[in-house]
Amino acid sequence: MTNADAACVHLTIDGRSAVVEAGSTVAAALVVAGVSGTRTSVSGQPRAALCGMGVCQECRVMIDGRAHALACQILCREGQVVWTTAATASADAANVASGTNVANGTNVSNGTNRPNGTTTTGTR
Ligand code: FES
């Protein structure tokens, strides 16, 4: 391990590997990974980190199975798994369209597990 390796944290964001500098927040990791949104509002509008200080709640994501975690307030940890609502919603839509069963966290089309194991309607 080099000093450069020691200063990095490896995590998974929406099923894809990401590497960020140690001490980065999850919100920063989302930006580095090119993820543009964190969640969707109840009316379906896209949301993303806004205040960066724990006030607006727009950065809520699922981190290691914990829903509604504030990405701007949580530091990245080695092996951390982050899901945005936008990613899970699009995975659900894709699986409904393809007839893939996503119940109980079974693999979906991209080979990653659903974070909450919920069942979508219209699955086979
Ligand atoms: S960006 Fe506002 S609470 Fe996280």
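User: How should I read the surroundings of Gln57, and does this residue count as buried, partly exposed or exposed?

Analyst: The general idea is to count neighbours, with 20 or more C-beta atoms within 10 Å making a residue buried and 12 or fewer making it exposed. Gln57 counts as partly exposed because it has 14 C-beta neighbours inside 10 Å, and please keep in mind throughout that this is a predicted model.

User: Where in the chain is Gln57 found, and what is its phi?

Analyst: Most residues other than glycine have a negative phi. Gln57, which is found in the loop between strand E4 (46-47) and strand E5 (60-63), has a positive phi of about 70 degrees although it is not a glycine. His68 also has a positive phi, near 60 degrees, and is likewise a residue other than glycine, but His68 is found in strand E6. With 11 C-beta neighbours inside 10 Å, His68 counts as exposed.

User: Which strands make up the open sheet, and in what order?

Analyst: Strands of a sheet pair through backbone hydrogen bonds, and they do so either parallel or antiparallel. In this model an open sheet of 5 strands has the order E2-E1-E7-E5-E6, and its pairing is mixed. Strand E2 (16-21) and strand E6 (66-70) stand at the edges with a single partner strand each, so one side of each is left without a neighbour in the sheet. From one strand to the next, the twist averages 40 degrees.

User: How many helices and strands does the whole chain have, and what percentage of its residues is buried?

Analyst: The chain has 3 helices and 7 strands, running α-β-β-α-β-β-β-β-β-α from the N terminus on. Of its 124 residues, 28% are buried, and of the contacts with a separation of 6 or more, 38% come from residues 24 or more positions apart.

Definitions and conventions:
Residues are numbered from 1 along each chain as its sequence is written. This is a predicted model: local features need pLDDT of at least 70, side-chain atom pairs count only at pLDDT 80 or more; totals for chains, interfaces and linings use all residues. Helices (H or I, at least four residues) and strands (E, at least two) are DSSP runs, numbered from the N terminus. Two residues are in contact if their C-beta atoms, placed from the backbone, lie within 7 Å. Two strands pair if DSSP finds at least two bridges between them. Axes are lines fitted to C-alpha atoms, for helices over the stretch in contact, and angles run from 0 to 180 degrees between N-to-C directions.
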